[in-house]
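Trainee: I am new here. Could you show me how the labels are decided?
Mentor: Gladly; let us look together.

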Amino acid sequence: MHLPLYYSLRKCVTHLRVCCHTDYNDLGRLGAPLVSTITAAQEKSVWGRRHWLILLMFLAIVIGYSDRVNISVAAVSMKEQFGWSQTTKGFVLSSFFIGYMSCMFISGWLCIRFGGKLVLGAAVLWWSVFTLLTPVAAGVSIPVLVVARIGMGMGEAAMFPAAIQMIGIWTAGREKDRSNSIVLSGIPLGTVIGLLATGWIVGHYAWPMAFYAFGVVGVLWCFAWFAIASDDPGSDPRVTQSERTLLADNRKSPAAAMAKMPWEILLFRSSVWALVATHFATTWTLYMLLSWLPSYFRDVQQVSIADSGFLSAAPWLSMFLMTYVGIWLSQFVIRKTGRVVFGRKLLQCIGLLGSGAMLLLAQYTHSVGAALAVVCAATGLLGFCWVGYGSNFLDLAPRHSGLLVGFSNTFATVPGIIGVAIAGWLVDVTGSYSATFALAAAVSVAGAVLYMIYGSDKVLID
């Protein structure tokens with residue numbers, strides 16, 4: 001070998017050996033910014049197991065809300081066929097929430113005790129069966145239909161506790177906020193699909209077909225969920241090593257989680273009750289709009305049944321899009337201020353106060369276009385709340401979020417029972433929707449004020 005070349009190669013090898021045996025502490029000090037960048041990049045890594053689960057949970061929320069709202073459109077035909085009054089229709093619509101509220105807290109407990117995979121899968125199967133049974137129940141009698149709606153509500157009670165519990169286990173860092181908001185964005189998208197599809201089905205087929213179609217979709221989802229989902233990233237053989245490392249801190253056995261659960265925190269912390277109050281205010285407007293928008297466009301704006309379903313879907317599409325605007329705005333505010341709680345409160349107050357203001361304007365609209373614009377604005381702004389209070393569960397209870405969601409949603413389901421029924425009663429008594437919208441605006445203001453004063457992002461239950 002040519003000597004100069006030989007000595008040059010030896011010198012290169014020597015330098016390489018020196019580099020390979022460099023003190024890793026020195027490398028850590030020199031490369032800390034790079035390590036930080038790589039860690040952040042891992043949180044946004046290529047599609048992994050956790051992303052499949054987020055997608056399936058998003059679809060579960062879509063299916064759940066499609067099943068929940070299709071009766072809002074179908075009830076227009078059902079009311080005409082069975083001769084219901086507005087009060088009777090309101091009672092049928094609100095009966096869902098009796099089952100929903102009664103099983104909410106126990107669903108949160110079951111998620112921690114048995115895991116989100118089993119609870120969410122069983123819940124979707126349960127409510128899908130009752131969706132399929134709804135036309136038969138309606139043909140028998142109103143009491144039987146009410147029982148079917150209560151049964152469906154019992155199944156959907158586990159939807160949010162199980163999904164948010166799984167998010168707490170399967171995501172880390174800043175991914176928690178994004179994943180939680182993405183899953184919750186299934187609420188407006190499911191509403192859009194449910195309203196549009198039901199309006200089309202009712203217009204072209206008989207109204208029972210809507211319940212049969214949506215019920216079958218839910219059953220099919222269950223096959224995919226049980227084949228793919230897992231409760232533990234550490235034992236899932238399809239999780240990559242990098243993803244398992246990223247999620248390692250989230251592992252905790254259900255028994256240990258329940259043993260360390262400080263139950264008194266749920267009852268004696270102002271930040272918990274502030275979250276409950278603003279959650280209650282959000283769902284008051286949400287459930288009122290879910291249940292009565294098709295009837296509002298049908299009765300006040302004099303549109304057809306098919307068109308009322310189409311027009312009622314537009315506000316929920318607005319909410320779906322505004323949820324992602326809210327995700328961006330929240331992360332921008334938190335990044336600029338360094339204060340998570342400020343971002344939560346800002347988004348929640350914009351959502352509640354803005355939505356309430358738009359509902360007050362609705363009484364001054366005198367055309368279909370103007371009414372649609374105002375209702376779209378009200379519903380779209382409400383989408384900011386999924387990034388506000390919706391992410392606060394993971395702030396206060398990162399690994400017990402399912403139980404906290406079940407506790408809060410028990411109270412937040414009350415508007416589905418009394419709010420929806422009161423809306424029907426107010427329409428019957430006043431002959432308009434103005435009082436119903438004004439009441440929703442007042443509740444929104446109260447919820448925003450309480451959350452602004454007492455809301456917090458301090459961890460209460462690790």
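Mentor: Buried means under 20% relative accessible area, exposed over 50%, and partly exposed in between (1.4 Å probe, protein chains only). This is a predicted model, where local features need pLDDT of at least 70, side-chain atom pairs count only at pLDDT 80 or more, and totals for chains, interfaces and linings use all residues. Residues are numbered from 1 along each chain as its sequence is written, and side-chain values use heavy atoms, leaving out hydrogens and water.

Trainee: Why does Val144 count as partly exposed?
Mentor: Its relative accessibility is 35%, so Val144 counts as partly exposed.

Trainee: What makes Asp395 count as buried?
Mentor: Asp395 has 12% relative accessibility, so the label is buried. Arg344 is buried too, because its relative accessible area is 2%.

Trainee: What makes Asp395 and Arg344 a salt bridge?
Mentor: A salt bridge needs a side-chain nitrogen of Lys or Arg within 4 Å of a carboxyl oxygen of Asp or Glu. For Asp395 and Arg344, the N to O value is 2.7 Å. Asp395 lies in helix 19 and Arg344 in helix 17, so the pair ties together parts that are 51 residues apart in sequence.

Trainee: How many salt bridges does the structure hold?
Mentor: There are 2. Arg68 also bridges to Glu156, with the closest N and O atoms 3.0 Å apart. Arg68 sits in helix 3 and Glu156 in helix 7, so this pair links parts 88 residues apart in sequence. Both Arg68 and Glu156 are buried.

Note on methods: Helix = DSSP H or I, 4+ residues; strand = E, 2+ residues; numbered from the N terminus.
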